[in-house]
Amino acid sequence: MAKRKAVFIYSPELEEYHYPPEHPFNTIRAKKVREIVNSMGLLSGPDRSEAAPVPAERVVLKKFHSARYLHALKEASEGKFNTEALSMGIGTLDCPVFKGLYDGAVLAAGGTLVGAKLILSGEADVTFNPSGGFHHAGPERASGFCYVNDVTLACMLLAEAGKRVLYLDVDVHHGDGVAYAFYDRADVMTISFHENPRMLFPGTGFEDEVGTGQGKGYCVNVPLPVGTYDEVYMKAFKTIALPLIGAYDPDLIVFELGADALVGDPLAHLHLTNNAYADIINHLLSFDKPILATGGGGYNIDNTVRAWALAWSVLCGGGSSRQGGLRDTELAVSSQQRDIVTSQIEATTNAVKVNVFSLHGL
Ligand SMILES: [Zn+2]
């Protein structure tokens, strides 16, 4: 792609929907990201534009979510709450019911689907919906702050259009909803880098979860030890993700860019800086395939906003002096941390290679 057409997906309408104030998920992040990239002039020009999300259609939602679940979600957000909804995870501490919940979830998901359609029509080569990335939601389950699984729906839409889809998830939590949606399929490969599931929600995403049947080898999990820092993360990324993406040769990449792997996130224990995210994006761009990027987790709001603004500036080719202002300073790593983390990551990457590489001729 000589010149990439990049579309940023956002609308102030998204601001009408809020999790309760005590909840860690803060929807203000997308608004703040937009403010920064707009002030940098990164939303205009011949190859950059904005698009507003439109609510996902019910017929599309039903490709993944059950009618029973969608009904309960809608009823709950209208105040008609019942134990059946609770049995599907709606109304828990993690997934509380709040005003406009259904409309907000469906609008945010619709943003990711707008991105998918723009890529399918050739109107965009790169899209970013910072209000998307709800990778934990199941067909009939609200989970981990997620109600409508926009990334799964987007992968489904793209696969239905005959595309070979690579789903990459760098959120600190395992992208379980997406991984299991395509667990027996080879037309959507999922790769998730996340903190050791023994330490963190959702408790899945071990090296030996590799898919089944036709999908064997098309689900890849790279669990990372507490304290994982940029250099070793990138080494694992280059060792596992780059060869697999190359061998799989996707038509496009769906990229869940949760920023909760950054150091200082209150819910997790990795030590990344946003420079790792920028490096990953540069690697993805080098494949020269369309990229549908979404937000995700990220509970240190300032760090998350800066990481996503930096991500957009890299995605849309807006490298300028201001980008330097968005980059985190590099972190010092103690020799003890280095020793512990390095040996654990090497064991993990070796296990992943043994489990899946031969299935792809690697
Ligand atoms: Zn997360």
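Hi everyone. A residue counts as buried here when its relative accessible area is under 20%. Keep that cut-off in mind, because A142, with a relative accessible area of 3%, is buried by it. And a quick reminder before we go on: what you see above is a predicted model.

Let's stay with A142 for a moment. You'll find A142 in the loop between β3 and α6. Which residues does A142 touch, leaving aside its neighbours within four places in sequence? They are Y69, M88, G89, I90, C95 and Y147.

With a relative accessible area of 10%, F145 is buried. D288 has a positive phi as well, about 60 degrees, and again this is not a glycine. D288 belongs to the loop between α9 and β8, which spans 291-294. Is D288 buried or partly exposed? At 36% relative accessibility, D288 counts as partly exposed.

One more backbone detail for those of you who like prolines. The peptide bond from F201 to P202 is cis, with omega near 0 degrees. P202 is in the loop between β5 (188-195) and β6 (219-224).

On to the helices. Two packed helices are described by the angle between their axes and the distance between the axes. For α9 and α10 (residues 301-315), the axes come within 9 Å and cross at roughly 25 degrees. That makes α9 roughly parallel to α10, because angles under 35 degrees count that way. The crossing of α9 past α10 is right-handed. If you want to click through the contact, the α9 side is N274, Y277, A278, I281, N282 and L285, and the α10 side is R306, A307, L310, A311, V314 and L315.

L315 turns up again in another pairing, with D125. They are 190 residues apart in sequence, and 9.8 Å apart in space from C-alpha to C-alpha. D125 is in the loop between α5 (101-120) and β3 (126-129). With a relative accessible area of 11%, D125 is buried.

Last topic, the cysteines. How many disulfides does a search of the whole structure find? The count is 0. For C219, which is in no disulfide, the nearest cysteine sulfur is that of C155, 12 Å away. A disulfide here needs the two sulfur atoms within 2.5 Å. C219 is buried, with a relative accessible area of 2%. C316 counts as buried too, at 10% relative accessibility.

Definitions and conventions: Residues are numbered from 1 along each chain as its sequence is written. This is a predicted model: local features need pLDDT of at least 70, side-chain atom pairs count only at pLDDT 80 or more; totals for chains, interfaces and linings use all residues. Side-chain values use heavy atoms; hydrogens and water are left out. Buried means under 20% relative accessible area, exposed over 50%, partly exposed in between (1.4 Å probe, protein chains only). Axes are lines fitted to C-alpha atoms, for helices over the stretch in contact, and angles run from 0 to 180 degrees between N-to-C directions. Helices (H or I, at least four residues) and strands (E, at least two) are DSSP runs, numbered from the N terminus. Angles under 35 degrees count as roughly parallel, over 145 as roughly antiparallel, 65 to 115 as roughly perpendicular and the rest as oblique. A crossing is left-handed if the near helix is turned anticlockwise from the far one by less than a right angle, and right-handed if clockwise. Contact means heavy atoms within 4.5 Å.
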